[in-house]
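User: I would like to go through this model and ask what stands behind the labels used for it. Please set each value against its definition.

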Amino acid sequence: FQRAEDASQSSLFDLMDTTEAKQTETRLDMPEVRDWRKKEKLRQEKEALGFYVSGHPLDPYASDIKALPSATTTVDLLEGKHKEGEHVALAGIVVEKTIRLTKAAEKFAIIRIEDLRGTLEMPIYTRIYHEFGDLLDKDQPLLLEGRVQLRDEDFGLITEKLTLLSEVRAERAKTMTIGIARARMSPEQLRYLRGIFHKYPGERTVRFRVLTPDD
C-alpha cells in the first residue's frame with residue numbers, strides 16, 4: 001500500500017465513495033473467551049509458528065535445572081565443553097521423534113531435544129527405549145541423563161535414563177527452605193503453618209528463613 005502511495009498509483013477501491021468502501025469492510029465479532037492455560041498456549045504457538053512466543057516449557061523448572069550438579073545445555077554439548085565419557089544431565093522437550101528398527105528388529109528412537117539454548121539430535125537405544133520410551137510421547141519437559149560421546153568429530157549424548165522434569169524435585173530434593181517475612185509471623189500464621197506440617201509431615205527436612213528488615 002505504501003509503495004502504491006509513493007508511486008501515486010490508484011486502485012479500484014479509489015473509485016468507490018466512502019459509503020461503498022465501508023460496505024466492503026470485513027466485520028468480525030470476536031466472542032469473549034477464557035485464555036488458554038500456559039501449556040496449551042505454548043503448544044499452539046509452537047504448532048502455528050514453529051517457535052514459542054510467550055515463554056518456554058522449561059521456564060517453570062529453571063531453578064530445578066540450575067540446582068542439578070551435572071546440568072548442561074545443548075550448546076555446551078555441541079561446542080565440546082565436556083570431556084568424552086563425562087556424566088551430564090540435559091533438560092529439554094522432545095520436538096521430533098523417529099522410530100527405527102535394529103537388525104534384530106528391535107525398536108529404538110532418534111529424537112531432537114530442545115532446551116532454552118538450541119536443539120540436539122540423539123539416539124535413544126533399544127534398552128533405554130523399552131524402559132523409558134513412553135515418556136517421549138508425553139509432550140512434557142524431560143531430564144535426560146547420560147554420558148558425552150564423540151562421534152565423527154561431533155559431541156553428543158548417549159542417554160542412560162529419562163525422567164519427567166516435573167518429578168525431579170520430588171525425587172531428589174533433600175531440603176525445603178521457606179522464606180517468611182517477620183511482619184507476617186503472627187500467632188495465627190504460625191498456628192496455620194504448624195497445622196499444615198502436622199497434617200503433611202513428608203520425608204524431607206524443612207527450614208524456615210525469617211526475612212527481617214535488616215536482611
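Analyst: Two strands pair if DSSP finds at least two bridges between them. Helices (H or I, at least four residues) and strands (E, at least two) are DSSP runs, numbered from the N terminus. The model is predicted: local features need pLDDT of at least 70, side-chain atom pairs count only at pLDDT 80 or more, and totals for chains, interfaces and linings use all residues. Residues are numbered from 1 along each chain as its sequence is written, and side-chain values use heavy atoms, with hydrogens and water left out.

User: What makes β3 and β4 a pair?

Analyst: Pairing asks for at least two bridges, and β3 and β4 have six, in the antiparallel sense. One of the bridges links Ile111 to Met122 in β4. Four residues connect the two strands in a hairpin.

User: How many bridges join β2 and β3, and in which sense do the strands pair?

Analyst: There are eight bridges, and the pairing is antiparallel. Glu96 has Arg112 in β3 as its bridge partner. This is also a hairpin, with five residues between β2 and β3.

User: Why is Ala105 called exposed?

Analyst: Exposed means over 50% relative accessible area, buried under 20%, and partly exposed in between (1.4 Å probe, protein chains only). Ala105 has 57% relative accessibility, so it counts as exposed. Ala105 lies in the loop between β2 (87-101) and β3 (107-114). Its phi is positive, about 65°, although Ala105 is not a glycine.

User: What makes β3 mostly covered?

Analyst: Six of the eight residues of β3 are buried.

User: Which residues have the most contacts inside the largest nonpolar core?

Analyst: A nonpolar core is a set of buried Ala, Val, Leu, Ile, Met, Phe, Trp, Tyr and Cys residues joined through side-chain atoms within 4.5 Å. The largest has 21 residues, and those with the most contacts inside it are Ile111, Met122, Ile124, Leu136, Leu142, Leu144 and Leu162. β2, β3, β4 (119-124), α6 (126-132), β5 (142-151) and β6 (154-164) each supply at least two residues of this core. Another core, of nine residues, lies apart from it, with Tyr61, Ile65, Ala89 and Leu143 among them.

User: How do you know that the length of α3 agrees with its residue count?

Analyst: The expected span of a helix is 1.5 Å times one less than its number of residues. Helix α3 (residues 38-49) has 12 residues and should therefore span 16 Å; its end C-alpha atoms are 16 Å apart, which agrees.
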